[in-house]
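Please open the model in your viewer and keep the sequence panel beside it.

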Amino acid sequence: MEDLRTRMLEAAAALLDSSPDRDISTRAVCEAVGVGAPVLYRLFGDKSGLLSAVVDHGFKKYLSVKRVAAPSEDPVVDVMNGWDKHMAFAREHPTVYRMMYSPALSAVPKAAQEALDLLRQLLERCAEAGRLRIPTEAAAQMIMTASVGLALSLVTQPEVYTDDSLIRRQRDAVFAAVFVDKPAESTQTPTLATKALQLKALLDADPGTELVEPEVNLLKHWLERLAKAE
């Protein structure tokens, strides 16, 4: 039954992405997999339940790639690859992507929060490497809002946003505000904020020091203030 459910979700997603009016009928979904309407209603309740399940399935496919991605030696490259895969997924599944990030949803899908958490984890690695220019949370929100906003523009107005270099140019602009160059490649002295963020990230990753917990917490507080001071 689970295999049938997945087949119906895949069929619904494919029909949505190929539909000129971005809508589907339950009958078309049933015909695509060779079942009757009672099967669909038993599995999903109604059309609304089917579309909600399509959103969850879309996030599942999107996150499955991110969960198994092996980290490289350069965490900034990993964030860059994540941006590119995000855009590729949106363009391959335009209607489903619109539904995934639709403001009409009554609640933000839990998977959307997981996507942001995975980005935060990558950015913590960047901070540990001394590559973050701004605090982790600010970097995560800047990258996520920029990528989702761009992807939605691309899939909702493809006739307007026709420049294939836009994805790269916006990515590079956002990353320039978030990251610093590798020390060996940079001619600039690392800023106090960058070094403060790096030390805080290292303390978060390995809190084992001769300092007691209140001292560590106070040190982290000072480092956060230094990071935000610039």
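A salt bridge, as the term is used here, is a side-chain nitrogen of Lys or Arg within 4 Å of a carboxyl oxygen of Asp or Glu. With that rule, a search of the whole structure finds 12 salt bridges, and several of them are stops on this tour.

Before selecting anything, note that this is a predicted model, in which local features need pLDDT of at least 70 and side-chain atom pairs count only at pLDDT 80 or more, while totals for chains, interfaces and linings use all residues. Residues are numbered from 1 along each chain as its sequence is written, and side-chain values use heavy atoms, with hydrogens and water left out.

**The whole chain**

Begin with the cartoon view, where helices (H or I, at least four residues) and strands (E, at least two) are DSSP runs, numbered from the N terminus. The chain has 11 helices and 0 strands. Now colour by burial, where buried means under 20% relative accessible area, exposed over 50%, and partly exposed in between, with a 1.4 Å probe and protein chains only; buried residues make up 39% of the 230 residues in the chain. For contacts, meaning heavy atoms within 4.5 Å, residues 24 or more positions apart account for 74% of those with a separation of 6 or more.

**Helix H2**

Next, select residues 26–33, which form helix H2, and show the side chains of Thr26, Val29, Cys30 and Val33, which are buried. Seen down the axis of H2, these buried residues fall within an arc of 95° (taken from the directions from the helix axis to the C-beta atoms), so they line one face of the helix.

If a disulfide is a pair of cysteine sulfur atoms within 2.5 Å, how many disulfides does the count come to? The count is 0 disulfides.

Select arginine 91 and aspartate 164, whose side chains meet in a salt bridge at 3.6 Å, N to O. This pair links distant parts of the chain, 73 residues apart, with arginine 91 in helix H5 (residues 75–92) and aspartate 164 in the loop between helix H8 (136–156) and helix H9 (166–178). Aspartate 164 is exposed, at 59% relative accessibility, and arginine 91 is partly exposed, at 45%.

Move on to arginine 120 and glutamate 137, which form a salt bridge whose closest N and O atoms are 2.6 Å apart. Arginine 120 lies in helix H7 (residues 110–128) and glutamate 137 in helix H8, so the pair ties together parts that are 17 residues apart in sequence.

Finally, select arginine 171 and aspartate 172, whose side chains meet in a salt bridge at 3.2 Å, N to O. Is arginine 171 buried or exposed? Arginine 171 is buried, with a relative accessible area of 10%, whereas aspartate 172 is partly exposed, at 34%.

Technical notes. Disulfide = S-S within 2.5 Å.
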